[in-house]
Amino acid sequence: MSKRIVATLAVVAILAVMFVSIALAAPAAPNVAGLHLKLDKSEPAAEQVLEASPEKIVLHFSQRPELAISRVTITGAEGEAKVGKVQRNEENETILWAAVEEPLAHGAYTVAWVTSSADLHPVRGEFTFTVRAGR
Amino acid sequence: MFLIGAAARFGGYLCVFAIVGMVVFRLLARARLPAEPAPAGGVASWQAALERRAARGGLLACSALVVFDLVRLWEQIKGFSGADPATLELAGVILDGTLWGSGWKLQVAAAAAAGLCFGAAARRWPAAWPLAGGLALLVAVSRPLTGHALEQGSWLSLPVILQAVHVLAAAVWIGTLFAVLALGLRGARSLPAPRRSAAIAALVAGFSPVALSAVTALFMAGAATSFLYLDSLGALFATGYGLVLLAKVGGFALVAAAGYFNWQKVRPVLDAGAGHGDAAGETGAVAGGEDADRRAQAGEATLLRAASLELAIAVAVLALTAVLVALPMPAG
């Protein structure tokens, strides 16, 4: 058997051992599929009825979202409400929040949000809540 | 928008494969083709002409890659701007404020620098080819930095490393096959029969071990990545991602089968024709040589058809890959 064939087979064997090891170890590694970004819960919660205007909108995600491209808007009967810049919770990187800069009047509101994980696939969602105050 | 993104990824992969293929082809040609004396009258030797064509091919691929990456950036901006117009401000936020943006900048910088080096190599500047080779490697391994593999938020995560190996191995295999077909086999047609057979046989013989190693690395890295991305066997059949992955694996099997056919059936015929070519020397006249010539020509024609089929199926698999990476991940 020529040296070239032996060398080629050796490379193939080494690569095969390496990757079979990885494949066998993969179940112990973090399951990437399970880490796909999604909204776990929000404050206010979806469909919640509040007695007063919320001070901020808080979004709890399943993994760390990219802050730079995250946006939150609140829309009611009067149009879009003033919302501050989206910020990250200092103690938990998976939580984003935005201040409601002017108190919301009585009525129903829709929160629309957009963010992504590091791979920059946009993830969007919206939910509604109601403020029952100041009528 | 999905189709635009998938098309830009497809075009990007084609360019990456061509870039890496030109570098590996040049290494193969240098290592395997017999040295030629410099011809008279300042005309470049056949091998020097091959190298220049490879350099120009690399330059063209780098230029096209930058264009495709710009389209991907635009697609990304539109993904966040929605119905609003895409703005430079949003582009700046993505490029300067996200890990994806950092990866994109690295990719484009590597492609642009590699293009400059290929241009210098076409003018036979010293050290241009080694630099082009290093940058071609960077172009290939940086592709996962703007894909699903980045979801764990680190350039050094296991998915990124596996994907880098996967892309590089695919580029070495398919890109070099393309270069051998487009430059080597077609360029060899200008040579007289004995030298043509020897040159083609030498190129194919040099490509075979490279392809075998690359296919192994490609398959292993791809399989390991699939274990990470699909949390159950059922997800293969229950998600769009899984179904496209199955189609990709089927296409890979076809490509590998075509490659195996070339290796086992066509190569011996080429080698026999090359052996006759070595014995014929300059005159090409050896007793009983006409039969060997005909067999060698038939082998070359078969190789061209089989290798072209292998390449065509590989391009189709690449199109599936572009769709795969544009699809959202199967949710856990």
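Reader: How do you know that the end C-alpha distance of helix 4 of chain B agrees with its number of residues?

Author: In this predicted model, helix 4 of chain B covers residues 99-122, 24 residues in total. At 1.5 Å a residue, they should span 34 Å. The end C-alpha atoms are 35 Å apart, so the two values agree.

Reader: Which residues of helix 4 of chain B are buried, and what covers them?

Author: The buried ones include B:Trp100, B:Trp104, B:Gln107, B:Ala114 and B:Phe118. B:Ala110, B:Ala111 and B:Ala121 are also among them. The cover includes helix 1, helix 2 (46-81), helix 3 (88-97) and helix 5 (128-141) of chain B. After helix 4 of chain B comes B:Arg124, with a positive phi near 60°.

Reader: What is B:Ala114 in contact with, leaving aside neighbours within four places in sequence?

Author: Contact requires C-beta atoms within 7 Å. B:Ala114 has such contacts with B:Ile19, B:Cys62, B:Ala132, B:Leu135, B:Ala136 and B:Val139.

Reader: What makes B:Ala114 stand out in the largest nonpolar core?

Author: That core has 118 residues. B:Ala114, B:Val16 and B:Ile19 touch the most other members. Helix 7 (residues 193-229) of chain B gives the largest share of this core, 20 residues.

Reader: Why is helix 1 of chain B called largely enclosed?

Author: Count the buried residues. They number 22 of the 31 in helix 1 of chain B, so the rest of the structure largely encloses this helix. Its span fits too: residues 2-32 should reach 45 Å, and the end C-alpha atoms are 44 Å apart.

Reader: Why is B:Ala91 called partly exposed?

Author: A buried residue needs 20 or more C-beta neighbours within 10 Å, and an exposed one has 12 or fewer. B:Ala91 has 16 inside 10 Å, so B:Ala91 counts as partly exposed. B:Ala91 lies in helix 3 of chain B. Beyond four places in sequence, B:Ala91 is in contact with B:Leu73 and B:Ile77. B:Ala164 is 73 residues from B:Ala91 along the chain, and their C-alpha atoms are separated by 26 Å.

Reader: How many helices and strands are there in chain B?

Author: Chain B has 10 helices and zero strands. Of its 332 residues, 50% are buried. Among contacts in chain B with a separation of 6 or more, 78% join residues 24 or more positions apart.

Reader: Turn to chain A. What makes strand 2 and strand 5 of chain A edge strands?

Author: Five strands of chain A form an open sheet in the order 2-9-8-4-5, with mixed pairing. Strand 2 (49-50) and strand 5 (79-80) each pair on one side only.

Reader: How do you know that strand 4 and strand 8 of chain A pair?

Author: Pairing needs at least two bridges. Five bridges join strand 4 (residues 71-76) to strand 8 (residues 107-115) of chain A, and the two run antiparallel. A:Arg71 stands opposite A:Val114 in strand 8 of chain A.

Reader: Is A:Ser42 buried, exposed or partly exposed, and why?

Author: A:Ser42 has 18 C-beta neighbours inside 10 Å, so A:Ser42 counts as partly exposed. A:Ser42 lies in strand 1 (residues 39-43) of chain A. Beyond four places in sequence, A:Ser42 touches A:Val58, A:Leu59, A:His60 and A:Phe127. A:Val58 is 16 residues away in sequence, yet 5.6 Å away in space, C-alpha to C-alpha.

Reader: What pLDDT does chain A average?

Author: The average is 84, and 73% of the residues of chain A score at least 70. Over residues 28-34 of chain A the pLDDT is below 50. That stretch has 19 contacts in the model beyond near neighbours in sequence.

Methods: Residues are numbered from 1 along each chain as its sequence is written. Chains are lettered from A and ligands numbered from 1 in the order in which they are written. This is a predicted model: local features need pLDDT of at least 70, side-chain atom pairs count only at pLDDT 80 or more; totals for chains, interfaces and linings use all residues. Helices (H or I, at least four residues) and strands (E, at least two) are DSSP runs, numbered from the N terminus. Two residues are in contact if their C-beta atoms, placed from the backbone, lie within 7 Å. The expected span of a helix is 1.5 Å times one less than its number of residues. A nonpolar core is a set of buried Ala, Val, Leu, Ile, Met, Phe, Trp, Tyr and Cys residues joined through C-beta atoms within 7 Å. pLDDT is the predictor's confidence in each residue, from 0 to 100.
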